[in-house]
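Here is a short report on one protein model. Please look over the sequence and the 3D view before reading on.

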Amino acid sequence: MQTEEMLSMIVGALQNKKGIRISTLEVGEVSPVCDCFVVVSGSNQSQLDALSDGVEETMHKAGISLRGREGDSRGGWILLDYSDIVVHIFSEEMRDFYQLERSWRDVRGREY
C-alpha cells in the first residue's frame, strides 16, 4: 500500500475520533526513520486511547501491521509505528512540551 493511502486512512481515523490539530510532517528527505510523522492531540486520557484504538483498528482492517507501540495515555503520549508513517498522539500539555512541529519546521507539512 502506498504511503499516501496509509496517510489518508490514519488521518481519517483521527478525524473520526475528533483528534485536535491533526498535522503531518514529511520527514523522509531528512530522516532515515520514516517518510512521515502524523501529530495529533487529545483532550484527555480517554480520547488519547480512542485515537490510538481508532488508528490501530483502521490499519488492522486494511491488513497493515503495527510495527511498534510506545507510551500510553497516562503519560500523555502514544507513538504508533507503521514503518513509513509514525503517529504521535499527545495530550495538549505534552504536545506543547515536545513541539515536534517546531523541531521539524524545515520540512513540508500539512494541517487537517
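## Cysteines

Is Cys 36 buried or exposed? Cys 36 counts as buried, because its relative accessibility is 3%. Buried means under 20% relative accessible area, exposed means over 50%, and partly exposed lies in between (1.4 Å probe, protein chains only). Cys 34 is buried too. Its relative accessible area is 5%.

How many disulfides does a search of the whole structure find? The search finds zero. A disulfide here is a pair of cysteine sulfur atoms within 2.5 Å. Cys 34 is in no disulfide, and the nearest cysteine sulfur, in Cys 36, is 7.1 Å away. For the sulfur of Cys 36, the closest cysteine sulfur is that of Cys 34, and 7.1 Å is too far for a bond.

## Basis of the model

This is a predicted model: local features need pLDDT of at least 70, side-chain atom pairs count only at pLDDT 80 or more, and totals for chains, interfaces and linings use all residues. Residues are numbered from 1 along each chain as its sequence is written, and side-chain values use heavy atoms, with hydrogens and water left out.

Strands and helices are DSSP runs, numbered from the N terminus (strands: E, at least two residues; helices: H or I, at least four). Two strands pair if DSSP finds at least two bridges between them. Strands of a sheet pair through backbone hydrogen bonds, either parallel or antiparallel.

Strand 1 (residues 20–26) and strand 6 run antiparallel, joined by four bridges. Glu 26 has Arg 108 in strand 6 as its bridge partner. Strand 3 and strand 4 are also antiparallel, with five bridges. There, Asp 72 has Trp 77 of strand 4 as its bridge partner. These two strands form a hairpin with four residues between them. In the turn, Gly 76 has a positive phi of about 85°.

## Glu 101

Glu 101 is found in helix 4 (residues 100–103). At 24% relative accessibility, Glu 101 is partly exposed. Beyond its neighbours within four places in sequence, Glu 101 is in contact (heavy atoms within 4.5 Å) with Ser 23, Leu 25, Val 39 and Arg 95.

The Glu 101 side chain makes polar contacts with the side chains of Ser 23 (3.0 Å) and Arg 95 (2.4 Å). A polar contact is a pair of N or O atoms within 3.5 Å; within protein, one must be able to donate a hydrogen and the other to accept it, and residues adjacent in sequence count only if both atoms are side-chain atoms.

## Positive phi in two loops

Lys 18 has a positive phi near 60° and is not a glycine. It sits in the loop between helix 1 (3–16) and strand 1. Lys 18 is exposed, at 62% relative accessible area.

Ser 83, also other than glycine, has a positive phi near 65°. Its loop lies between strand 4 and strand 5. Ser 83 is partly exposed, at 33%.
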